[in-house]
Amino acid sequence: MELQGHRGARGLRPENTLPGIAHALALGVDAVEFDVGLTADGAVVVHHDQTLSALTSVDGAPAEPGDPMWPYVGRRIRELTLAQVKTVDSGVRRPDDPLDPFTLTQLPLPGTPVATLQEVCRLIRCAPTVRLCVELKTDPSWPDAEVGEFTATVVRVLNEHGLLSRSRLLGFDWRFLKHARRLAPRLGRVALAEPPTLAPEWLAGTDPGHPVVSAFAAGATVYSPQYTILDEDVVKESAELGMPVTVWTVNDSEEMERFIRMGVSAIVSDYPDQLRIVARKQGLNLPRRYRTREAVFF
């Protein structure tokens, strides 16, 4: 079973950042999961929302004096250039949200810029056994041609770094599946699912009443539901189609144990350190640790 760090190691380091991903590598994971968006000038950047989120982003100075687009936080990434996005600090989580559990466990790293997929690829090459799970942040409002363009750009970057063979693309907007299969047939394709997206407009027009079969029909090689909607019947149905199941995002030790017993192929967690403890207790082999210069140790 794979141990996957969610957004790097969101519970421990700033999410979707180079230090966060490096920390996951240092803890020891089989795969790192992270999200990407596309800037106005065609750069793939690592960020969860389609807008620069005020939860994880703080404005610095404008990219150029008098830039009418500044401040950038709250703007859509597709409206901004890479130079504008790079001015944003993504190393500090908003401390005044009482409902946010990660402010209690995440180490702030102020001054951490938004990463690019290129930078993540250079980092991950230091960890040759670790897989990349790259989530494309699109939604049904995107024209299909733009979904295809975004998918092609991500595939091109991964290919430039020789990482296609150990990468997977993920998405809730299942239209990416057909584009990924056309562009790189051997690339892993992960169909994400959660209750709000179990609708035809998200599932490439397929039947939301039978999401496992629909994911397979749409071209997925892995089915990945939110933990709240995964049960033994789903795992069994996926197995009958020869399609592994990855469950996200599991942060409770008892739930981790339950899903291991259920037979999932991978667990995604904000706390890969805790997932390692549970996996060891369950007799699973643990992935190798990789220390990099981007990791911060305390």
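**Close-up views of the predicted model**

View 1. C121 is classed as buried, because its relative accessibility is 0% (buried is under 20% relative accessible area, exposed is over 50%, and partly exposed lies in between, using a 1.4 Å probe and protein chains only). The model is predicted, with local features requiring pLDDT of at least 70 and side-chain atom pairs counted only at pLDDT 80 or more, whereas totals for chains, interfaces and linings use all residues. Residues are numbered from 1 along each chain as its sequence is written, and side-chain values use heavy atoms, leaving out hydrogens and water. The structure contains 0 disulfides (a disulfide being a pair of cysteine sulfur atoms within 2.5 Å). C121 takes part in no disulfide, and the nearest cysteine sulfur, belonging to C126, is 12 Å away. C126 is likewise in no disulfide, with the sulfur of C121 as its nearest cysteine sulfur. C126 has a relative accessible area of 48% and is therefore partly exposed.

View 2. H161 is located in the loop between α5 (144-160) and β5 (167-171); helices (H or I, at least four residues) and strands (E, at least two) are DSSP runs numbered from the N terminus. With a relative accessibility of 12%, H161 counts as buried. Leaving aside residues up to four places away in sequence, H161 touches Q118, C121, R122 and R125 (contact means heavy atoms within 4.5 Å).

**View 3. Packing of helix α1 against helix α4.** The axes of α1 (residues 18-27) and α4 (residues 117-124) come within 11 Å and cross at roughly 25°. Helix α1 is therefore roughly parallel to α4; angles under 35 degrees count as roughly parallel, over 145 as roughly antiparallel, 65 to 115 as roughly perpendicular and the rest as oblique. Axes are lines fitted to C-alpha atoms, for helices over the stretch in contact, with angles from 0 to 180 degrees between N-to-C directions. The crossing of α1 past α4 is right-handed (the near helix is turned clockwise from the far one by less than a right angle). On the α1 side, L18, I21, A22 and L25 meet E119, V120, L123 and I124 of α4. The residues of this contact comprise 7 nonpolar, no polar and 1 charged; Ala, Val, Leu, Ile, Met, Phe, Trp, Tyr, Cys and Pro count as nonpolar, Asp, Glu, Lys and Arg as charged, and the others, Gly among them, as polar.

**View 4. Burial of helix α1.** Helix α1 is mostly covered, with 10 of its 10 residues buried. Among these buried residues are P19, G20 and H23. The buried residues of α1 pack against β2 (31-38), α4 and α10 (272-281).

**View 5. Packing of helix α9 against helix α10.** The axes of α9 (residues 253-262) and α10 come within 10 Å and cross at roughly 50°. Helix α9 is therefore oblique to α10. Helix α9 passes α10 in a right-handed crossing. S253, M256, E257 and I260 of α9 form the contact with Q274, L275, V278 and A279 of α10. By class, this contact has 5 nonpolar, 2 polar and 1 charged residues.

View 6. W70 and P71 are joined by a cis peptide bond, with omega about 5°. P71 lies in the loop between β3 (44-46) and α2 (82-85). R7, a residue other than glycine, has a positive phi near 55°. R7 is placed in the loop between β1 (2-6) and α1, and its relative accessible area of 11% makes R7 buried. A204 is not a glycine, yet its phi is positive at about 55°. A204 sits in the loop between β6 (188-193) and α7 (211-218), and at 39% relative accessibility A204 counts as partly exposed.
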